[in-house]
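Could you have a look at this one with me? I've jotted down a few points to read beside the picture.

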Amino acid sequence: MLPIRTPDQTFRTLDEIRRRKEELCTNIQNDNEQFTKLWGTLFVKKGENNKSEWISSLIANSITAVDTFLLARKLIKKYGHFFVHKKK
């Protein structure tokens, strides 16, 4: 996450504003390149899986699905009254 800076500069001429704009555009382009590199490393295609890796992946995904279902059920049971339409 990028740090949030408070505006501590005051600009008196259009040249100062243009220089600041160019500086910000350069920073944005550098951040975009860095983000693109990180995004590319996030989705790396895995190689060929053998049978045991496939089974362990299937079990892990199944456990995640069941856990998500149980969490949703618990939340709906506890906070479901927020989503019920009352008859008038």
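Here are my notes, point by point.

1. First, the ground rules. This is a predicted model, where local features need pLDDT of at least 70, side-chain atom pairs count only at pLDDT 80 or more, and totals for chains, interfaces and linings use all residues. Residues are numbered from 1 along each chain as its sequence is written, and side-chain values use heavy atoms, leaving out hydrogens and water.

2. The protein has two helices and zero strands (DSSP runs: H or I of at least four residues for helices, E of at least two for strands, numbered from the N terminus). Of its 88 residues, 2% are buried (under 20% relative accessible area; exposed is over 50%, partly exposed in between, with a 1.4 Å probe and protein chains only).

3. Now for helix α1, residues 14–42, where you'll find R20. R20 forms a salt bridge with E23, with the closest N and O atoms 2.8 Å apart (the rule: a side-chain nitrogen of Lys or Arg within 4 Å of a carboxyl oxygen of Asp or Glu). The two sit three residues apart, about one turn of the helix. R20 counts as buried because its relative accessible area is 17%, while E23 is partly exposed at 41%.

4. The count comes to two salt bridges. R18 and D15 make one too, at 3.5 Å from N to O, and both lie in helix α1. R18 is partly exposed at 48% relative accessibility, and D15 is partly exposed at 47%.

5. Over in helix α2, residues 51–79, look for L58. L58 is partly exposed, with a relative accessible area of 44%.
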